[in-house]
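Welcome to this guided tour!

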Amino acid sequence: MSASADGDSAAGAAPPTVDALPFAKPVLAEIPAELRRTAQWVLWAAEEKPGAAKLAKVPKLAKVPKQARSGRNASSTNPKTWGTFEEAVQGLESGRGHAIGVGFVLTEGDPFVGVDLDACRDPDTGTLEPWAAEIVATLQSYSEVSPSARGLRLIARGKLPAGGCKRGRVEMYDRKRFLTITGRRLSESPSNIDERPEALREIHERHVRRDVRKPSGGASTPPSSPRRSPSESDATLVEKMLSAQNGAKIEQLWTGDSTCYPSPSERDAALCAHLAWWTNGDPDRVDRLFRLSGCYREKWDERRGDQTYGQRTIQRSIERFEATGGEGYTGGRNGNGTSARTDRVAPKLSLEQARVRLADLVERTRNDIGAPCEAATLDALSSLRDGAADEYARLRAELRTIRDFRSRDLDRALKDRDREASRQQRRRARRSSGSAVAQIHVTTDIAEMVGQLERALANHEEVELFQRGGLLVRVSRDGGPELKGLARPRRCPVIGVAPRAHIRELASRVADFVKMSKSSDDEILVLPPDSVVDALIDRGGWRLIRRLEGVVEAPCLLSDGSVLEAAGYDPQSGLLLEPTDRFDPVPERPSEADARAAREAIEEAFADFLFVSPSDRAAAVSIVLTALARSAVATSPLFGVSAPKAGSGKTLLVDVAATIVTGRPAARMVQASNREEERKLLLALALEDASFVLIDNVERPLGSDVLAMALTGTEIRDRVLGASKTVVAKLSATWTCSGNNLTVRGDLGRRTIPIQLGIDRELPEEREGFQHDPLLAWVRAERPRLVRAGLTILRAFVVAGRPAPAGLRRIGGFEEWTALIGGALVFAGGADPTGGRDEFRESSDPERESLAIALAEWDRSLGRRRILVRDLSAHADDDEELKIALIALDPRLKIDAPIDPSRFGYTLRKYYSRIEGGRKLMREPTKSGALWFVERTVELGPRGMG
């Protein structure tokens, strides 16, 4: 039930691994039948908890539920992610999702209650601690050993009483949780799950309820209220902190969860407030512990004037701690981890007024003439508690002695008041700081609320939310989610769908949602309604949310010929410029001489490569220019880097170009094995705006209709992975590929700009005497100069009026690219980057060669005779050379078997009207079937056939 692995590891031990869960594999025969019959099963895997790897005594393995069918993450609140017992077992045996165990989900619709006892069993002897043995004896229902062999899990039928779910080492849940099931039943416990409502109530009363007194006699309650000591080790201190009465809230903070806080900064402040109290205000120890938590991020060490963000946060928490002498802090029981004295609003009543009202409350309660939670009572209690804690405790204890006094209701009302006061204070603080905070009244008009929320999100300067392809998105700077077949460089910006929880968090930051209180005429703050957040997400078209076309990390050329140099969001292009270096301004009107000097500067980055021809060098430079001007051209060809042998520098060449533009190597993509896999990957790359992609180490002929579409198309439309929504995403990547003697097939030949590298020795990797070594390090250092050089070439060409160089051929489907990139290079004194296309197409496409040979053999054997496919099959059986040539067009055919006319007819339709080797395959429809023949054209192929 807990997200942590059961039990603690010894101080100083190495971080726990899956071996720390020896009982994870279930004993299926011992699992109760009533659980097996219920289709609420998941798988679970073990993963290290963020921030806890260096704390030997802090649990580090989180039992993560996995969908029983797919192996992806499951949800304890989403029945679609659960499965039957048989499905879970099958998934476990197949190793789906790296699962090592099975789990059962508790829901409101089932009668089960789970009781979790942590660190109560000796894993070697099986001996239970007395308090745990007493709970097992009291419940008398199915009990098993946990995966760590140090804890127990008990399951009974009944209802979970109100008053909390966890205290110390005892947890009780009946819904929205999953239980890891091991089937390792205690020998002294029943094998079935019994109806035990009274026993559950007794266990809850003695071990879980927050205000329960220590029972007289019997076994002692497990430890729940530790003391702080400066002499304790960090591991021991954290262990005690997470086992405290409010340990569940601290653990949520410790793992970095900010769902209960308006922003990560307030989450950081809350955790520091806890750490200040537990460390007796030791700033060094607070900093050390915070860095071990899941809250730690690079922002912690960012400068804020003469201090870092972390130092300022620690200083404020310690100042609050010292202002109360360490006594005003209640261990986070008020829910926000801050001092009860310093963060609440000033009391409205004097202490004398509070005493009088509280004394009146005692009298009224004795005589049953008033409700204990009326507003005046709450004012009195809040004032007395904040001003005279000892007197408040004495009078409240007197109230608790009165029979039927509902102290729990009073506590809840006080907490609600504190929470509301804290919200109002945060609201005032946000407005005083100048942040745009809207006020949205919660009504039944969802459309109006959604419109107000969209306006608030669009007007808030600190909110980073965009729209792309019909989805609300955000920019992730940690490299993005893992995609099969793709390896991204570290820390590259990735556009991803904004999670629903994140949008709800943003909604609470930019707007105060208010409604009328049921108990008074006052407005109260409420959380953003789910219906409003869902309606905003599903709207699909947003008038005010900024569109995001891409994220660039260097200045770039826009479609109007200007250069985008100002960091931040550009509303005209929809680009977000986040420069990762300091770039000097590009000349406004550079000359042709400036362009030639700039071309030579970029060519210096490629000086150590053995290009076969000048056009190959020009094509390498054109990769850089293409990436810098990708938003200015609708389509871009594929750059194919080829060499006779491995170690020639093919991948390095692409990485040089990528490092100039993005500051890091190119993302690696493997050659897709099937069309569906390639389609899904291309959609994901388009959605996240992958700027530079390398299909590395191509071993078989490259070519597919999907990849061809990605090169000549401007957008891709498909269903997004994991959802039923169809999205449209812009295709804006710079595509490259590399391979030894690279070959392409089909229509990809005309879409490829070849870059041929040569070799000068048997082992190319043993070359020495490079001009720049290591090359990538030099490129990173010179990146600002090289980017400026590339933009100078492009800008000079634009300023000159984009003159069309003589002899520069335009490529169909890439007219804009040819005119801008090819024209700029030739204008700057470079060679035509498309010069090697004809030879590459002739030598690298095996399909074209096979068709040319087949048409030549057909011409030799049949001349211009028209023939049905069935007659062609019979004729080929008597002409072995013709049959061998035809079989090359369809690998499904066999030399020792007759040609299937119906199958081969489809093959001929594929090549209808194609011209290869100076011949064209033609077709003449007749009543008895299509007649096929070959006619010669005025063109004769380079092979001399004809």
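Helices (H or I, at least four residues) and strands (E, at least two) are DSSP runs, numbered from the N terminus. This is a predicted model, in which local features need pLDDT of at least 70, side-chain atom pairs count only at pLDDT 80 or more, and totals for chains, interfaces and linings use all residues. Residues are numbered from 1 along each chain as its sequence is written, and side-chain values use heavy atoms, with hydrogens and water left out.

**The whole protein**

Start with a cartoon view of everything. The protein has 28 helices and 34 strands. Of its 946 residues, 51% are buried; buried means under 20% relative accessible area, exposed over 50%, and partly exposed in between (1.4 Å probe, protein chains only). Contact means heavy atoms within 4.5 Å. Among contacts between residues at least 6 apart in sequence, 72% join residues at least 24 apart.

Most residues other than glycine have a negative phi, and most peptide bonds are trans. Now select K176, in the loop between β8 (170-173) and β9 (177-181). K176 is not a glycine, yet its phi is positive, near 55°. At 48% relative accessibility, K176 counts as partly exposed.

Next, go to A119, in the loop between β4 (112-117) and α3 (130-139). A119 also has a positive phi, about 45°, without being a glycine.

Then select D773 and P774, which are joined by a cis peptide bond with omega of about 5°. P774 sits in the loop between β31 (752-756) and α22.

**The largest nonpolar core**

A nonpolar core is a set of buried Ala, Val, Leu, Ile, Met, Phe, Trp, Tyr and Cys residues joined through side-chain atoms within 4.5 Å. Select F606, L653, V656, L702, W735, L794 and L820: in the largest core, of 102 residues, these touch the most other members. Which helix gives the most to this core? Helix α22 (residues 775-799) does, with 12 residues. A second, separate core has 25 residues, including V238, W254, V286 and W300.

Zoom in on L820. Apart from neighbours within four places in sequence, L820 is in contact with L557, A629, A632, V633, L794, F797 and R802.

Two packed helices are described by the angle between their axes and the distance between the axes. Axes are lines fitted to C-alpha atoms, for helices over the stretch in contact, and angles run from 0 to 180 degrees between N-to-C directions. Angles under 35 degrees count as roughly parallel, over 145 as roughly antiparallel, 65 to 115 as roughly perpendicular and the rest as oblique.

Show α22 with helix α23 (residues 815-827): they pack at about 95°, with axes 9 Å apart. The two helices are therefore roughly perpendicular. Display the side chains of I793, L794, A796 and F797 in α22, which meet A819, L820, I821, G823, A824 and F827 in α23. By class, this contact has nine nonpolar, one polar and no charged residues. Here Ala, Val, Leu, Ile, Met, Phe, Trp, Tyr, Cys and Pro count as nonpolar, Asp, Glu, Lys and Arg as charged, and the others, Gly among them, as polar.

L453 is buried, with a relative accessible area of 0%. Which residues meet between α14 and α15? L453, A456 and L457 in α14 meet L506, A507 and V510 in α15. The axes of α14 and helix α15 (residues 500-510) come within 9 Å and cross at roughly 80°.

**Aromatic pairs**

Rings of Phe, Tyr and Trp (its six-membered ring) pair if their centres lie within 6.5 Å; planes under 30 degrees apart count as stacked, over 60 as edge-to-face and the rest as tilted. The count comes to 12 aromatic pairs. Select F466 and Y569, a tilted pair with 5.8 Å centre to centre and 35° between the planes. F466 lies in strand β13 (residues 466-468) and Y569 in strand β23 (residues 568-570), so the pair ties together parts that are 103 residues apart in sequence. F466 is buried, at 1% relative accessibility.

For a last stop, select W41, F85, F104 and F112, which ring pairs link into a cluster.
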